[in-house]
Structure formats: C-alpha cells, structure tokens
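Subject: Structure handover

Hello,

Here is the structure for your files. My notes on what turned up follow below it.

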Amino acid sequence: MKTLLFAFVLLAASNTMAALLVVNSDGKLTGAQNVDVGGVLYDMEFVVGTGNDVFWNSATNNYDLDATPDNGELFANAILDQVWVGIYDNQPELTFGCQYSWGCDVETPMAVFDDWGSNVFSVIRANNFEGGGGFVDLTTNATEGFTSLWVDWTLAGSTPVDPDDGNDGVGVNEPTSYLLFLLAFVGRWFRLRYKKS
C-alpha cells in the first residue's frame with residue numbers, strides 16, 4: 001500500500017511541475033513561466049513589435065537572444081508542447097497578438113546577421129491551428145524593422161513581475177487528474193483505516 005501511495009505522489013508531483021500559463025484579465029494567454037527547454041527553465045512572453053524594439057539591449061549595444069540555430073527547435077517545440085495546451089491549443093485567437101481563429105504563428109529569433117547594412121533575424125516559427133495541432137518552421141528570415149508576434153524568452157526567475165506594467169496577468173495551471181485521484185485515494189485509505197480501528 002505504501003509503495004502504491006508513493007508512486008501516485010511521484011506521478012502527481014511530476015505532473016504539477018508543468019509550465020505555469022500567464023493569462024491577462026481579458027482571458028488572453030500572454031506567456032508562461034517555468035517552460036522546460038532542454039532541461040533549462042525559461043519564462044516567456046508574447047510581444048508584438050519589431051525585432052529591434054523587442055530584442056535590442058542599449059546597455060550592451062547588442063541583441064538579447066536566448067535561442068540559437070543549434071537549439072531553436074527546442075524553444076519552438078516547447079511552445080507547442082507546454083504553452084499552447086488546453087483551450088489555447090484549440091482556440092489560437094486566445095493567444096495575445098493572434099487575430100485569427102483558424103491559426104497563429106509566433107517567432108523566436110536565433111541569430112542576427114548583417115545583410116547589406118540591414119540586420120536580419122534568423123527565426124524559428126511555431127504554428128498553432130484551430131482544433132489543436134501545430135508544427136515548427138525550421139528557419140525563416142525577418143528584417144530588424146519587421147513587425148511580428150515574437151516570443152521573448154528569459155531564464156526563469158530572472159525577471160520579477162511588475163504589477164504596473166499594464167499586464168494584469170495571473171498564473172493559470174489546470175488541476176491535474178492525477179492529483180485529484182491521489183487525494184480521493186488517500187481520503188478513502190484513511191477512512192478504511194479509521195473504520196478498522
């Protein structure tokens with residue numbers, strides 16, 4: 001009995017460590033926290049703007065990019081597997097910056113190169129479709145001034161949440177069926193044990 005109980009506790013714990021979705025007061029998915037990308041936890045946010053506006057860091061005089069051509073596919077697949085889940089997988093228009101009910105795509109830059117005096121981002125794109133399912137475009141290119149729906153990644157916990165930034169985000173994590181089953185199982189076990197005493 002103890003072994004079975006321990007197995008359910010492990011199963012429930014591993015299932016509750018999923019990415020925490022961030023949803024604003026309008027019900028729009030604005031990002032997620034603790035997204036596992038190849039064993040490293042990241043926070044991510046959907047941002048509409050130009051590549052320069054979103055990723056240029058004037059303090060370092062460079063672009064802040066977390067993905068690379070070597071691991072970019074991991075970032076894009078993490079969106080499909082951990083962020084676009086539940087209703088956000090089935091209804092793309094519920095993602096911030098997505099306008100259409102039939103589909104949505106978001107871009108993560110992996111590198112910046114100089115093309116005749118204009119900076120060009122090499123990006124990987126995650127695509128989501130109505131009714132669930134999606135795919136990853138391995139690479140496309142976007143100029144620095146191109147307005148798009150970007151994914152801005154930061155290492156988990158490195159950016160404190162600012163309640164005055166205009167995003168009334170709230171974490172949403174659906175209760176797992178394993179955890180509910182575990183609670184019912186433990187309650188039943190204690191009840192049977194109490195009756196025997």
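**The cavity and the rest**

Strand E9 gives the largest share of the lining of the largest cavity, three residues. Strands here are DSSP runs of E with at least two residues, helices are runs of H or I with at least four, and both are numbered from the N terminus.

First, the ground rules. This is a predicted model, where local features need pLDDT of at least 70, side-chain atom pairs count only at pLDDT 80 or more, and totals for chains, interfaces and linings use all residues. Residues are numbered from 1 along each chain as its sequence is written, and side-chain values use heavy atoms, with hydrogens and water left out.

Back to the cavity. A cavity is a set of points, on a 1 Å grid over the protein atoms alone, where a 1.4 Å probe fits but cannot get out; lining residues have an atom within 4 Å of a point. The count is one cavity of 30 Å³ or more. The largest cavity holds about 40 Å³ of space. That volume is the space filled by probe spheres set on the points, with grid points joined across faces, edges and corners. Two elements give two or more residues each to its lining: strand E6 (103-115) and strand E9 (147-155). The lining includes Phe55, Asp64, Thr108 and Trp153. By type, the lining residues are six nonpolar, one polar and three charged. Nonpolar covers Ala, Val, Leu, Ile, Met, Phe, Trp, Tyr, Cys and Pro; charged covers Asp, Glu, Lys and Arg; the others, Gly among them, are polar.

Next, the disulfide (a pair of cysteine sulfur atoms within 2.5 Å). The whole structure has one. It joins cysteine 98 and cysteine 104, with the sulfur atoms 1.7 Å apart. The torsion about the S-S bond of cysteine 98 and cysteine 104 is about -40 degrees, so the disulfide is left-handed. Both cysteine 98 and cysteine 104 are buried, meaning under 20% relative accessible area with a 1.4 Å probe and protein chains only. Of the 197 residues of the protein, 34% are buried.

Last, confidence. The average pLDDT (the predictor's confidence in each residue, from 0 to 100) is 79, and 71% of the residues score at least 70.

Regards

Terms used:
On a 1 Å grid over the protein atoms alone, a cavity is a set of points where a 1.4 Å probe fits but cannot get out, and a pocket is an open set with protein on both sides within 12 Å along at least five of seven lines; lining residues have an atom within 4 Å of a point. Buried means under 20% relative accessible area, exposed over 50%, partly exposed in between (1.4 Å probe, protein chains only).
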